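Good morning, and thank you for coming. Please take a moment with the sequence and the model before I walk through them.

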Amino acid sequence: MTALAELAVGASRTTVLVEDLTRTRIVQYAGASGDYNPLHTDEVYATKIAGYPSVFAHGMLTMAMTGRVVTDLFGADKVTRFGARFVSQVWPGDTLTVTATVGEVSDGIAEVTLSTRNQSGQEVLSGYASARVD
């Protein structure tokens, strides 16, 4: 495990979260979370009734994939805060990449900003995390 705390303030690390997000993965998340909203699982409902171009991923799926980067960097037991704002929808076929940037390290706590973007460079999630560092 490599902690961002080893990097200088302002340093960043970019990680690919998923390449070509599949509908299967979205449905698997629905099953794991219990969130079977038809916007995420029913193509006919999403397109014909709700007017979207397709089903789309749960915001919390995007947040979970982003959060995995934080726990991989610091360890789950070190994370003290994690939050996000859903900026844009994530569609089947999207490739998502997160950039984690060290904002500050003070009193044994690293503050990190997170920006998850799709293959077009559009931000889909804006987030933050704090973690204890040794």
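**Loops, sheet and helices**

I begin with Asp20, which sits in the loop between β1 and α1 (23-33); helices (H or I, at least four residues) and strands (E, at least two) are DSSP runs, numbered from the N terminus. The model is predicted, so that local features need pLDDT of at least 70 and side-chain atom pairs count only at pLDDT 80 or more, while totals for chains, interfaces and linings use all residues. Residues are numbered from 1 along each chain as its sequence is written, and side-chain values use heavy atoms, with hydrogens and water left out.

Asp20 has a positive phi, near 55°, in a residue other than glycine. A positive phi is also found at Asp107, again not a glycine, with a value near 50°. Asp107 belongs to the loop between β3 and β4. Asp107 is exposed, with a relative accessible area of 78%; buried means under 20% relative accessible area, exposed over 50%, and partly exposed in between, with a 1.4 Å probe and protein chains only.

Let me turn to the sheet. In which order do the five strands form the open sheet? The order is β1-β3-β4-β5-β2, with antiparallel pairing; two strands pair if DSSP finds at least two bridges between them. At the edges are β1 (12-18) and β2 (79-86), each of which pairs on one side only. Neighbouring strands of this sheet are turned by 20° against each other on average, direction ignored. Axes here are lines fitted to C-alpha atoms, for helices over the stretch in contact, and angles run from 0 to 180 degrees between N-to-C directions.

Within β5, Ser126 is the bridge partner of Arg85. Across β1, β2, β3 (96-106), β4 (109-117) and β5 lies helix α4 (residues 59-74), which runs at about 150° to β2.

Next, helix α1. Which residues of α1 are buried? They are Ile26, Tyr29 and Ala30. These residues cover an arc of only 105° around the axis, which puts them on the same side of α1; the arc is that of the directions from the helix axis to the C-beta atoms. On the face turned away from that buried side, α1 carries the exposed residues Thr24, Gln28 and Ala32. The cover over the buried residues of α1 includes α2 (38-41) and α4, where contact means heavy atoms within 4.5 Å. After α1 comes Gly34, with a positive phi near 80°.

How do α1 and α4 meet? Their axes come within 10 Å and cross at roughly 95°. The two helices are therefore roughly perpendicular to each other, a term that covers 65 to 115 degrees. Arg25, Ile26 and Tyr29 in α1 meet Met60, Leu61, Met65 and Arg68 in α4.

Finally, the aromatic rings. Rings of Phe, Tyr and Trp (its six-membered ring) pair if their centres lie within 6.5 Å; planes under 30 degrees apart count as stacked, over 60 as edge-to-face and the rest as tilted. By this rule there are two aromatic pairs. In one of them, Phe56 and Trp91 have ring centres 5.5 Å apart and planes at 70°, so the pair is edge-to-face. Phe56 lies in the loop between α3 (43-49) and α4, and Trp91 in the loop between β2 and β3, so the pair ties together parts that are 35 residues apart in sequence. Phe56 is buried, at 8% relative accessible area, whereas Trp91 is partly exposed, at 23%. Together with Tyr52, Phe56 and Trp91 form one aromatic cluster.

Methods. Angles under 35 degrees count as roughly parallel, over 145 as roughly antiparallel, 65 to 115 as roughly perpendicular and the rest as oblique.
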